[in-house]
Amino acid sequence: MEGGKTGNRDRACEARRSFLSKRGIEDSSTRGFIAGGIAALIGRTFANPLEIVTQRMMIMGQRKGINDFVKIPENVIRIKVDKRNALRAILSVISSMAKADGIKGFYRGFFMSLTTTVPAGALWWFFYHNYQGLLEPILTHQVPVVAQQCLAATLGGITTTTLVNPLDLIRTRLQVERTGSIRKTLQVLWKEEKLGIVTKGLSAKLFSTILVSSLSIGGYEVIKRLSVRQEYKKLVAW
């Protein structure tokens with residue numbers, strides 16, 4: 001799923017980069033920054049409801065033991081479903097959320113999400129192009145261009161994920177535990193984690209980022225090269 005969303009975001013960003021280039025914005029890093037942010041904004045609008053439902057499914061019915069459920073804050077919606085029927089479980093979650101909060105329930109934490117996904121989308125493309133520029137003179141003629149791009153994407157992903165991790169942690173708490181406000185969520189996190197909010201969950205995110213960034217940009221660049229018209233294939237650098 002994540003790979004598919006990343007591929008769609010890559011194509012959307014590429015279209016916006018072309019649009020900006022035709023309007024006089026020639027610097028690739030600047031085009032990537034603007035286009036990546038716009039693509040992330042559009043993608044988040046559609047992805048937020050799906051993410052909320054997914055999070056509810058993940059925390060629903062967690063157990064300490066055979067008969068004891070993990071304690072979840074009282075204001076979190078509790079939903080009992082038949083886990084043997086996945087579709088029925090999903091529909092039950094959607095129905096319960098709609099009754100409890102209406103449409104706004106599916107966009108809980110949406111604006112907080114924008115503070116993570118939009119900067120992440122913009123910064124990823126910004127760092128990706130900058131790392132490409134840094135690596136090219138060092139690795140020219142030694143490493144294939146596509147491999148350089150995969151490495152630049154990985155470094156860009158690592159840098160971006162590290163920078164936005166604290167915001168992503170606040171967003172997740174806000175959506176799952178329904179703490180009410182960004183300020184209150186930050187206060188709770190600071191009380192619990194102190195400076196740990198900078199690194200909490202970062203290692204797992206970095207592992208995911210390395211895989212997704214390298215594989216998505218690698219596949220994207222390979223497919224883009226294979227799609228070039230026959231008369232231009234000799235001009236393509238691999």
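Student: What is the handedness of the crossing of H4 and H7?

Tutor: A crossing is left-handed if the near helix is turned anticlockwise from the far one by less than a right angle, and right-handed if clockwise. Here the crossing of H4 and H7 is right-handed. Bear in mind that this is a predicted model, where local features need pLDDT of at least 70, side-chain atom pairs count only at pLDDT 80 or more, and totals for chains, interfaces and linings use all residues. Residues are numbered from 1 along each chain as its sequence is written, and side-chain values use heavy atoms, with hydrogens and water left out.

Student: How else is such a pair described?

Tutor: Two packed helices are described by the angle between their axes and the distance between the axes. For helix H4 (residues 110–139) and helix H7 (residues 202–226), the axes come within 14 Å and cross at roughly 70 degrees. Axes are lines fitted to C-alpha atoms, for helices over the stretch in contact, with angles from 0 to 180 degrees between N-to-C directions. H4 and H7 are therefore roughly perpendicular (65 to 115 degrees).

Student: Which residues in H4 and H7 meet?

Tutor: Contact means heavy atoms within 4.5 Å. Trp124, Trp125 and Tyr128 of H4 meet Ser213, Ile217 and Glu221 of H7. These residues divide into four nonpolar, one polar and one charged.

Student: Is glutamate 221 buried or exposed?

Tutor: Buried means under 20% relative accessible area, and exposed over 50% (1.4 Å probe, protein chains only). Glutamate 221 counts as buried, at 5% relative accessibility. Leaving out residues up to four places away in sequence, glutamate 221 touches Tyr128 and Gln149.

How values were computed:
Helices (H or I, at least four residues) and strands (E, at least two) are DSSP runs, numbered from the N terminus. Angles under 35 degrees count as roughly parallel, over 145 as roughly antiparallel, 65 to 115 as roughly perpendicular and the rest as oblique. Ala, Val, Leu, Ile, Met, Phe, Trp, Tyr, Cys and Pro count as nonpolar, Asp, Glu, Lys and Arg as charged, and the others, Gly among them, as polar.
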